[in-house]
Amino acid sequence: MSEPLAAEVARRRTFAIISHPDAGKTTLTEKLLLFGGAIQLAGEVKAKKDRMNTRSDWMKIERERGISVVTSVMTFEYGDHVFNLLDTPGHEDFADDTYRTLTAVDAAIMVIDAAKGIEPRTLKLFEVCRLRDIPIVTFINKMDRESRDPFEILDEVEQKLALDTAPMTWPIGRGKSFSGTYHLSDNTIRRSDAEEQTTSVNGPESDAVAGLLPENERKAFIEECSLAMEACRPFDSQAFLEGHLTPVYFGSALRNFGVRDLINALGRYAPPPRDQIADTRKVAATDEKMSAFVFKIQANMDPNHRDRIAFVRVCSGKLQRGMKARLARTGKPMSLSAPQFFFAHQRQLADTAYAGDVVGIPNHGTLRIGDTLTDGEHLVFKGVPNFAPEILRRVRLEDAMKAKKMKEALAQMAEEGVVQLFQPEDGSPPLVGVVGALQLDVLKARLEAEYGLPVSFELARFNVCRWISSADKAELERFVTVKRGDIARDLDGDPVFLASDGFSLNYEAERWKAIKFDAIKEYQ
Ligand code: GDP
């Protein structure tokens, strides 16, 4: 292992932000980028917003519904570290995109609205993180507003997520009186009006703290803060890295307070790029040989170019512009002539990317979600999962003459991860599956705009879909034969069982004990 490579890998932090809509993810993202110097002037923040509006105008649906379909990655440096922040769509209708993005990160920031606590989408996203024991740093946001008792929020995290908490800071005041944080481990305070400044104090009862609070809140603060110091768990790096414990910070993204704590915590505690499991071996991030996998495909990033970008997470070695990589699925070489880095407001050709980095590779449909690229070695990464769709529809084509074109278009959309495609064993027309209803609108709009195929959707008699497998091959074959009318194949030819509802799924699962019904399928 060469020294420069190891050092470059060690300073990378690749993370995402998970939260319920409105908790403050966008605001926090902007503030993180400000810290990172990715946006230096306030004017640029606005410029970025303007640009983002034009960029995301590519899809009418997005404008009409006022949500952002565009997901991207933002790379920035702060201190000694290079951060890759993988943005996830805020709207739950694009959940599977978000889930896949979470397979490409090594850590996550969980943003919780201090007035609301754990909300449904936070819970769901946390569960996806837990599948891989991703370490989580928690940010209790909006402390400048009416909020719940901090102990109650910590308790809720512990109860609802089964995740231990270690408060690192304690809010000095709440709502109108929120004026800073007390750092529990070293008895320092930071005032919200002078965040640059850290002041040492003699404990929660010191005058410097009291001076920040209205008289009637002082006693309660001293009690709370002392209790937090005595009774709460101390931070334990090992438990954090294993995904069992989360350090908790309080702040206000809007007022840009507490954000520095988060970025420092990621640098100090979050792991560098993790080892990745491939079919033939475990790949260490510091391996000399380049390897990477595709976790996201995005079409039409730039309306003028109608390009398609595969987002690739580098897992080991160095990805260099101009190198020839091997695409594992086809065994064919692929020239990486224009890999790109994404910054807050621009793209730039990436000459060299290291493990942990995410680069965009423009292509014309060669790359699929889950694809592995190497510098020649025969290996395939496991790990970009497929989540069972929650909505299934038959696609009805207005013009029956275009059936072949439609088949191709649907396969392409499925390869991009816009929808999942299932071909029933009995030869009936294909079904598309999505996690959120809005994806159907995206499919419809894109089939029309890009392929000239006007379509509509019909209800299918199925609403539930599970991948089936069994250690007993004969039993699986028997099941597939007996249930032929309820079996379909996904894009890779793997069988799924389709049921009208959860009740009939459970009924069959009871009867066919040797068959495994999975709601998640790992790619490849
Ligand atoms: P997202 O949906 O999670 O991306 O949330 P946004 O960042 O768009 O924030 C939702 C709303 O909450 C916006 O009106 C923000 O201005 C507001 N907001 C975000 N952070 C804070 C905060 O710390 N304090 C207050 N008072 N408002 C906030």
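How many of the seven residues of strand 10 are buried? The number is zero, so strand 10 (residues 194-200) lies largely in the open. The notes below start from there. The model is a predicted one.

1. **Strand 10 and its partner.** Strand 10 pairs with strand 9 (residues 188-191) in the antiparallel sense, over three bridges. The two strands form a hairpin, with two residues between them.

2. **The chain overall.** The protein chain has 524 residues, and 43% of them count as buried. Its secondary structure comes to 15 helices and 33 strands. Consider contacts with a separation of 6 or more: residues 24 or more positions apart account for 71% of these.

3. **Strand 27, a covered strand.** Strand 27 spans residues 431-434, and both of its faces are covered. Leu-431 and Gly-433 are buried on one side. Val-432 and Val-434 are buried on the other.

4. **Neighbours of strand 27.** Strand 25 (residues 391-397) pairs with strand 27 in the antiparallel sense, over four bridges. Strand 26 (residues 420-424) also pairs with strand 27 in the antiparallel sense, over three bridges. Strand 26 and strand 27 make a hairpin with six residues between the strands. In that hairpin, Gly-427 takes a positive phi near 85°.

5. Helix 12 covers residues 403-416, which is 14 residues. From first C-alpha to last it reaches 20 Å, close to the 20 Å expected at 1.5 Å a residue. Its buried residues are Ala-409, Leu-410, Gln-412, Met-413 and Ala-414. Their cover includes strand 25, strand 26, strand 27 and helix 13 (438-451). Gly-417 follows helix 12 and has a positive phi, near 85°.

6. **Helix 6, geometry.** Helix 6 has 12 residues, 120-131. At 1.5 Å a residue they should span 16 Å; the end C-alpha atoms are 17 Å apart, which agrees. Asp-133, which comes after helix 6, has a positive phi near 50°.

7. Thr-122, Leu-125, Phe-126, Val-128 and Cys-129 are the residues to look at; they are buried. These residues cover an arc of only 155° around the axis, so they sit on the same side of helix 6. In general, an α-helix has 3.6 residues a turn, so residues three or four places apart point the same way. The face turned away from the buried side carries the exposed residues Pro-120 and Glu-127. Cover for the buried residues of helix 6 includes strand 1 (12-19), helix 5 (95-102), strand 4 (107-113), strand 5 (136-141) and helix 7 (150-161).

8. **Ile-136 in strand 5.** Ile-136 lies in strand 5. Is Ile-136 buried or exposed? Ile-136 has 25 other C-beta atoms within 10 Å, and it is therefore buried, since 20 or more make a residue buried. Leaving out residues up to four places away in sequence, Ile-136 touches Ala-108, Met-110, Cys-129 and Thr-246. Cys-129 is one of the buried residues of helix 6. The C-alpha atoms of Ile-136 and Leu-266 are separated by 9.4 Å, although the two are 130 residues apart along the chain.

9. **The ligand shell.** There are 16 residues around the ligand. Gly-24, Lys-25, Thr-26, Thr-27 and Leu-254 come nearest. Helix 2 (residues 25-35) provides the largest share of the shell, three residues. By class, the shell has four nonpolar, seven polar and five charged residues.

10. **Two loop residues with positive phi.** Most residues other than glycine have a negative phi. Asp-22 has a positive phi, near 85°. Asp-22 is found in the loop between strand 1 and helix 2. With 12 other C-beta atoms within 10 Å, Asp-22 is exposed. Asn-256 also has a positive phi, near 55°. Asn-256 lies in the loop between strand 11 (245-250) and helix 11 (259-269). With 18 other C-beta atoms within 10 Å, Asn-256 is partly exposed.

Terms used. Residues are numbered from 1 along each chain as its sequence is written. This is a predicted model: local features need pLDDT of at least 70, side-chain atom pairs count only at pLDDT 80 or more; totals for chains, interfaces and linings use all residues. Two strands pair if DSSP finds at least two bridges between them. A residue is near a molecule or strand if its C-beta atom, placed from the backbone, lies within 6 Å of it. Ala, Val, Leu, Ile, Met, Phe, Trp, Tyr, Cys and Pro count as nonpolar, Asp, Glu, Lys and Arg as charged, and the others, Gly among them, as polar. The expected span of a helix is 1.5 Å times one less than its number of residues. The arc is that of the directions from the helix axis to the C-beta atoms. Two residues are in contact if their C-beta atoms, placed from the backbone, lie within 7 Å.
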